[in-house]
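Student: I'm new to this one and would like a walk through it. Can we go over it together?

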Amino acid sequence: MRLRPAVAAALTALVAAVSPAGLASAGPSAADTPVNVTVNARAGLATMPATGLGVNDAVWDAELGTTAVSDRLQAAGVRMIRYPGGSYGDTYHWKTNTAPGGYVAPNTDFDTFMASVRRVGAQPMVIANYGTGTPEEAADWVRYANVTKGYGAKYWTIGNENYGNGHYGSGWEADDHADKSPSAYAGGVVAYADAMKAVDPTIKVGAVLTMPANWPDAVVGDGDAANWNQTVLSIAGSKIDFVDVHWYPGGTTAGEALARPEQIDDAMYLLRRQIARYAGDGADRIGISLTETNVGVGEDTQPAALFLADAYSGLLANGVFTVDWWNVHNGIGTVSTVAGQTDYGDFGMLSSGGCTSDGATCEPPLNTPFAPYHGLSMMNDFARPGDQFVRAGTDQALVTAHAARRPNGDLAVLLVNKDPDNAHPVSIGYAGYTPADAAPTVYSFGNGDTAVHSARTGSATSQTLPPYSLTTLVLHPASTPAGAPATPARPTASAVTDRSATISWPASAAGAHPVAKYEVYRQNGAISEELGETTGTSLTVRNLDPGTRYTVNVIARDTAGKVSWASPPLTFTTGSPASSACTVHFTDQNDWASGYVAGVDVTNNGPDPIDGWTLTFTWPTGWQQLSSGWNATWTQDGRDVKATSLDSNGRLAAGATVNIGFVGAYTGPNVLPGTFRLNGTVCTVAE
């Protein structure tokens with residue numbers, strides 16, 4: 001999705017032709033049954049970064065440098081601001097403060113922007129002009145920013161959505177290069193990074209990638225050897241410090257859009273796997289920024305606030321170092337009513353104060369906060385820099401939960417009620433944490449509210465969530481025992497096979513008592529299951545399932561029974577058997593970012609022929625499905641897929657291979673199946 005401002009007089013309007021339609025609602029009895037919420041402090045996730053809460057600003061926004069806006073952003077906890085504004089990043093020339101073909105408002109130059117950033121107390125994310133610029137221009141910008149002015153601008157992205165330059169058939173991003181292929185962009189990233197870091201070696205340089213399952217992810221263009229992400233990482237991986245992606249979740253209704261954050265874990269898993277596979281040695285140093293997102297349905301009203309809190313929490317818990325909302329201001333679009341509130345079709349956090357062309361409808365006064373602004377404020381109440389996200393979950397799809405543990409021992413729990421019609425009572429259980437009996441501080445933001453409210457109400461285990469609302473509980477621990485062991489550092493995995501893996505970690509510093517042992521836990525949803533314990537600093541875990549993703553944490557326990565915080569998470573995936581009676585070679589032969597053609601070669605490695613065979617696998621996610629297949633009878637039941645031999649190919653001689661295939665479809669991150677069984681036997685999966 002590409003949002004671009006149309007030239008206007010003062011604040012430029014982006015007309016977004018998105019009309020909110022039917023809102024998902026729970027059945028009449030949904031609110032009668034308490035939602036069970038589980039918060040698991042043993043299941044540690046990422047730590048909230050200092051740059052976590054971000055927004056986009058733009059040179060076509062005349063309010064960019066005003067104190068009124070800076071005060072709003074500071075109050076909401078904004079800690080990163082992106083400039084000069086989406087696709088303008090590939091037309092903007094910083095020395096002249098111009099963007100040929102576009103509108104640049106007065107008082108929006110780089111120095112004005114940096115003054116605003118400093119007032120807010122944030123860091124800048126600067127887009128270096130790849131589309132119509134040069135490495136020399138970018139290097140001069142770094143020199144001016146960090147040598148001449150001493151701004152200390154650390155994060156620089158090379159371009160914006162450069163895959164949208166027409167190479168894949170759809171073009172909105174300016175690109176003056178004759179070669180618009182991913183390899184050309186990657187070569188440009190190398191040149192830009194070299195030139196910019198020659199001026200200031202301390203800066204961080206990012207390359208533009210596509211979000212898994214978002215166009216043109218997995219698409220291989222004409223003349224290319226691989227898709228955009230693989231090509232860029234393979235060529236420029238050694239030169240970059242982070243990758244930059246955008247995510248507009250889509251969906252024709254608020255209900256569809258609000259369900260999309262459940263895809264975040266899989267999307268981040270795929271993106272990190274791409275980085276690890278293609279970026280070369282030291283790929284684990286490469287961070288991830290997500291510098292544009294918006295709900296797209298009800299963007300000024302409650303769906304946007306709910307989506308923002310849900311998506312920011314999920315992304316930051318997955319280690320993304322900044323999430324930046326599109327946009328601070330944007331302009332009135334298609335006006336509609338969403339859950340009883342007027343939605344102006346404006347992708348901004350703050351009102352632009354404009355009217356429709358016929359003057360029939362006007363936005364609230366300039367800089368009035370829209371609902372997503374309050375969603376961002378709620379995020380600031382929920383998770384602060386240095387807090388560690390921990391796993392939380394619910395048994396009701398319309399209610400989601402997130403949690404973060406603070407350095408002082410407090411625990412914050414964010415609850416999102418996506419049901420526009422019903423309040424939901426919740427019953428909250430805790431693992432690895434005992435809250436105090438006193439009523440918690442509760443922050444709330446409901447449909448139609450104009451501010452986040454706070455009160456001490458309810459209990460740590462029982463609350464009622466209003467319809468279409470955000471609720472954050474801040475809890476104190478029942479006790480704060482001193483002298484616990486230090487938190488173990490992030491573990492690593494080695495010797496990973498189909499059935500086992502060795503988990504290792506550095507020794508933890510002892511607290512008041514010596515460390516007695518370490519416990520290794522697997523995250524299974526919001527539940528932790530202990531895989532084993534040891535007095536050493538490594539543990540080989542066995543009886544694992546082939547082709548399965550595991551996320552584990554390590555906890556240190558001392559001789560007095562005091563336990564540390566959970567380590568940062570480690571995620572690894574088991575493989576297939578080194579040898580088996582069968583081998584499967586699976587290939588994604590042609591992908592169009594919502595479906596693909598799969599080739600499956602099945603080989604009988606046994607000494608005897610097979611008379612009649614059945615190949616089975618399970619989709620890793622719930623948004624994958626079988627469309628059609630050939631050379632076998634294909635069926636799908638839930639997430640289980642089965643291919644049964646035909647009369648013509650049912651006899652598979654020893655050493656023989658049969659080729660079958662299917663067309664698969666997906667509406668979320670496409671994690672390919674990793675385990676195949678032939679007549680019940682787990683096969684080796686060949687690369």
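Student: Which strand does β30 pair with in the antiparallel sense over 2 bridges?
Tutor: Strands here are DSSP E runs of at least two residues, and helices are H or I runs of at least four, numbered from the N terminus. Two strands pair if DSSP finds at least two bridges between them. With 2 antiparallel bridges, the partner of β30 is β36 (residues 677-678).

Tutor: Before we go on, this is a predicted model: local features need pLDDT of at least 70 and side-chain atom pairs pLDDT 80 or more, while totals for chains, interfaces and linings use all residues. Residues are numbered from 1 along each chain as its sequence is written, and side-chain values use heavy atoms, leaving out hydrogens and water.

Student: Which residues have the most contacts inside the largest nonpolar core?
Tutor: A nonpolar core is a set of buried Ala, Val, Leu, Ile, Met, Phe, Trp, Tyr and Cys residues joined through side-chain atoms within 4.5 Å, where buried means under 20% relative accessible area with a 1.4 Å probe, protein chains only. In soluble globular proteins, nonpolar side chains tend to be buried together. The largest core has 144 residues, and those with the most contacts inside it are Ile 660 and Phe 662.

Student: How many strands form the closed barrel?
Tutor: The barrel runs β2-β3-β4-β5-β6-β7-β8-β9, with parallel pairing. One of its pairs is β2 (residues 53-56) with β3 (residues 80-83), joined by 3 bridges, and Gly 54 stands opposite Met 80 there. The strand count is 8.

Student: What are the edge strands of the open sheet?
Tutor: This sheet has 9 strands with mixed pairing, in the order β17-β16-β19-β14-β13-β12-β1-β15-β18. Inside that order, β1 (residues 35-47) and β15 (residues 424-431) run parallel over 6 bridges. The edge strands each pair on one side only: β17 (453-456) and β18 (462-465).

Definitions and conventions
Buried means under 20% relative accessible area, exposed over 50%, partly exposed in between (1.4 Å probe, protein chains only).
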